Amino acid sequence: MSDEAGKPIILGIAGLGTVGAGVVKIIEKHKALLAARAGRPIEIRAVSARDRNRDRGVDLSPYDWVDNPVELADPAHGVTVVVELIGGSDGPALALARAALSNGIGFVTANKALIATHGKELAALAEDKGAALRFEAAVAGGIPIIKALREGLAGNAISSVRGILNGTCNYILTRMEREGLAFDHVLKDAQQLGYAEADPTFDIDGIDTAHKTAILASLAFGTEPDIENLPTEGIRHIAPVDIEYAKELGYRIKLLGVTQHTSEGIETRVHPAMVPTSAAIANVMDATNAVVVDGDAVGQTVYEGAGAGEGPTASAVVGDITDIARGSNGPRLGIPAGDLRASDPVPVAKHRGTYYIRLRVDDRPGVMADITAVLAEEQVSIESMLQRGRADDGGVYIVLTTHETVEASVAAALDRFTGLQCVLETPTMLRIEA
Ligand SMILES: NC(=O)c1ccc[n+]([C@@H]2O[C@H](COP(=O)([O-])OP(=O)(O)OC[C@H]3O[C@@H](n4cnc5c(N)ncnc54)[C@H](OP(=O)(O)O)[C@@H]3O)[C@@H](O)[C@H]2O)c1
């Protein structure tokens, strides 16, 4: 038994917003349960946020208040684990991570931007100093997907991980489908109901999903988290008409983070996709998250649950703290930081898959022939094609799905469509993810 066994774990918590206050509540409510599970007491010693006087719905009077969160890493406070719940890839979160780990203090965070951007540096520092680094809450909130990939599935070569990783986008897409509403309308509603931030850019433009996908790719494939080279597309351009056609064709539109092993290498991307309604992930609705992992020994496993919110996110943070209290300190990103390979992503132009394309065209003879000629010349083979009555603002819609093809060919065809006189607006393309 180590010298540490039985000694309390002393926490310093930076950030007392939605997640931070939730963590304080769980630690206080489940004191005895956590002590029993960890084999030692877990105690909060010091906390930090911007506004000392704000009511956070929890009694903070038993703890030391620290104005500058980086001070929590000062050995004078005697903190053994710093819990960072401020957010942001740089600024105080990064300064605190570096300070804590440099001092050999364990570090737990829910901050996907921080890990996606600086994960390798922080993992290396943690290893060097023998400090724990945990970030379960950074991906899919309450779903223990980091643990699943790092520990439970360690016996598998992973072939793919795909997930619905942003509750706001899933909520918007669900309501667009159920109620036939336009994106802007549902976004406004989501903001009023607290499902979307006042500045929703990170969510709806796919950046939040990209941070999480970069972390999943690193864990699945032993590569450095690489947010810089991750092709990212959000859901602003999804039109109700595409949601209707998706339904007619047996699909549902979901914003996915995908990382997969292909013959060309590792492909990692974030984009809205057509998912067959028979797939488990297509039936994950509202703000729920889900992750599907394919491993060579286990086959397919599916994880579903709340991806955000006070309780679910704090649950993941407290799980990490308990892990550290039990003495778990293994490789932070699944393998030693020095062994992480450069991500070297396969360009999306090399992606092989099937596609949905919607065109608004002039309603006159010969148009269909022009379209099919372009596709044939670019070697894109059509699987199905429908022509529908007049679009609201003139013209008709041609909707087609392709057989498997390489994305560069689809991109070339789309470019040529845009140049055709009969094509009335920029074509819409969605990847189909089986
Ligand atoms: N909310 C979720 O559902 C969720 C889910 C998964 C992951 N996360 C991640 O969890 C982290 C926290 O999210 P949250 O939703 O709890 O955010 P939040 O409600 O905005 O809380 C942020 C907290 O950080 C404090 N803070 C901000 N700047 C600071 C500074 N310079 N110095 C000290 N404290 C500072 C704020 O202080 P004041 O309160 O005094 O302003 C606030 O208490 C983020 O990394 C986020 O991505 C959140």
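**A tour from the ligand to the cores**

Start at the ligand and select Leu16: one of its backbone N or O atoms lies 2.8 Å from a ligand oxygen atom, a polar contact (a pair of N or O atoms within 3.5 Å). Next, pick Gly17, where a backbone N or O atom sits 3.0 Å from an oxygen atom of the ligand. Then click on Arg54, which places a polar side-chain atom 2.3 Å from a ligand oxygen atom. On its own the ligand exposes 890 Å², and the protein buries 78% of that (Shrake-Rupley areas, 1.4 Å probe).

A word on what you are viewing: this is a predicted model, where local features need pLDDT of at least 70, side-chain atom pairs count only at pLDDT 80 or more, and totals for chains, interfaces and linings use all residues. Numbering runs from 1 along each chain as its sequence is written, and side-chain values use heavy atoms, leaving out hydrogens and water.

Now move to the largest nonpolar core, with 82 residues (buried Ala, Val, Leu, Ile, Met, Phe, Trp, Tyr and Cys joined through side-chain atoms within 4.5 Å; buried means under 20% relative accessible area, with a 1.4 Å probe and protein chains only). Select Ile145 and Ile172, which have the most contacts inside this core. Around Ile145, look for contacts (heavy atoms within 4.5 Å) with residues including Leu216, Val291, Val293 and Tyr303. Finish at a second, separate core of 32 residues, with Ile9, Leu11, Val19 and Leu34 among them.

Key:
Buried < 20%, exposed > 50% of the residue type's maximum accessible area, 1.4 Å probe, protein only. Polar contact = N/O pair within 3.5 Å; in protein donor to acceptor, adjacent residues only side chain to side chain. Lists of a residue's contacts leave out its neighbours within four places in sequence.
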